[in-house]
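I opened a new page for this chain and went through the fold, the cores and the helix packing in turn. My entries follow the structure.

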Amino acid sequence: MKRWLTSHAMRPIWLLVVLIVLWDWSIRLFRIPPYLIPPPLAVGRQLVNEWPMLWRETLPTLYATLGGFAASAIVGVPIAMWIAYSRVVESFVYPLLVFSQSVPKVAIAPLFVVWFGFGIVPKVIAAFLLGFFPVVVATVQGFKSVEADVIDLARSMGASPLKVFLKFRLPMALPAIFSGLKVSVTLAVVGAVVGEFVGSNAGLGYVLQKANGTFDLPLMFAALVILSMVGVLLFLVIELIERWMVPWHASLRQDLHATA
């Protein structure tokens with residue numbers, strides 16, 4: 001029991017407990033009024049009382065997040081492979097991708113509402129735009145990090161280009177790809193909320209706007225807690241998939257954690 005309580009998996013939970021205690025003590029010590037920062041108990045009470053509504057509003061945000069993240073992976077990985085395999089393509093496409101990231105998504109999100117209406121499509125596009133770039137950058141780095149000597153050895157032994165890709169390039173690039181996917185899925189949550197800020201009558205972004213308009217800070221913090229939970233859970237799902245598809249990399253990280 002003691003070993004489980006002090007395990008590596010419990011460390012974030014203990015840190016969260018400490019932060020909540022510090023949050024409560026700071027409010028009491030400095031006498032911060034609840035209209036500035038609500039106490040943790042008020043946020044927890046709001047989570048319980050408004051849970052049916054919060055759960056109902058979480059689903060549109062989750063759908064937009066998953067749609068944008070899936071589009072980021074489906075589009076980003078092939079484009080990154082295209083960039084990694086061709087210097088000409090890299091010289092043309094990569095600067096355009098970097099330029100696209102310098103454009104504030106909040107500034108262009110209203111255009112998506114004008115073009116596609118108030119449905120889920122603008123939210124998916126906003127989530128896609130925020131999650132796309134990390135996938136491309138990480139995947140490009142992953143494929144470029146494959147050692148040329150290994151590829152030359154495989155070719156000298158008669159391996160076909162497809163076999164070289166499936167047996168060497170892709171497995172060696174998978175850890176970097178999953179790193180980009182984990183960053184992408186958390187940014188997709190932010191993108192979905194940005195889309196809901198611009199124009200929506202459903203979702204956690206809509207709840208945040210409504211709570212802000214009525215100065216209901218406990219409800220606002222409760223929505224933020226749920227958004228954080230959604231991001232963490234999606235991150236953990238990607239990590240579990242990574243451990244299943246790249247078990248050798250996951251075991252290596254566990255060994256490093258054990259030695260630390």
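Entry 1, fold. I took helices (H or I, at least four residues) and strands (E, at least two) as DSSP runs, numbered from the N terminus. From the N terminus on, I read the elements of the protein chain as α-α-α-α-α-α-α-α-α-α-α-α. The count comes to twelve helices and zero strands.

I am working from a predicted model, in which local features need pLDDT of at least 70 and side-chain atom pairs count only at pLDDT 80 or more, while totals for chains, interfaces and linings use all residues. Residues are numbered from 1 along each chain as its sequence is written, and side-chain values use heavy atoms, with hydrogens and water left out.

I called a residue buried under 20% relative accessible area, exposed over 50% and partly exposed in between (1.4 Å probe, protein chains only). Of the 260 residues, 37% count as buried. I then looked up contacts (heavy atoms within 4.5 Å). Among those with a separation of 6 or more, 72% join residues 24 or more positions apart.

A nonpolar core here is a set of buried Ala, Val, Leu, Ile, Met, Phe, Trp, Tyr and Cys residues joined through side-chain atoms within 4.5 Å. The largest has 35 residues, and Leu54, Ile177 and Leu181 touch the most other members. Two or more residues each come from H4 (51-85), H7 (121-144), H9 (161-198), H10 (204-213) and H11 (217-245). H9 gives the most, with eleven residues. Leaving aside residues up to four places away in sequence, I found Leu181 touching Phe69, Ala73, Val135 and Ile238. A second, separate core has ten residues, including Ala80, Tyr94, Leu97 and Phe133.

Which residues of H3 (residues 40-49) are buried? I list Pro40, Ala42, Val43 and Gln46. They lie on the same side of H3 because they cover an arc of only 165° around the axis, the arc being that of the directions from the helix axis to the C-beta atoms. The face turned away from the buried side of H3 carries exposed Leu41 and Val48.

Helix H6 (residues 105-116) packs with H7 at an angle of about 145°, their axes 9 Å apart. Axes are lines fitted to C-alpha atoms, for helices over the stretch in contact, and angles run from 0 to 180 degrees between N-to-C directions. From H6 the contact takes Lys105, Ile108, Phe112, Val113 and Phe116, and from H7 it takes Val121, Pro122, Ile125, Leu129 and Leu130.
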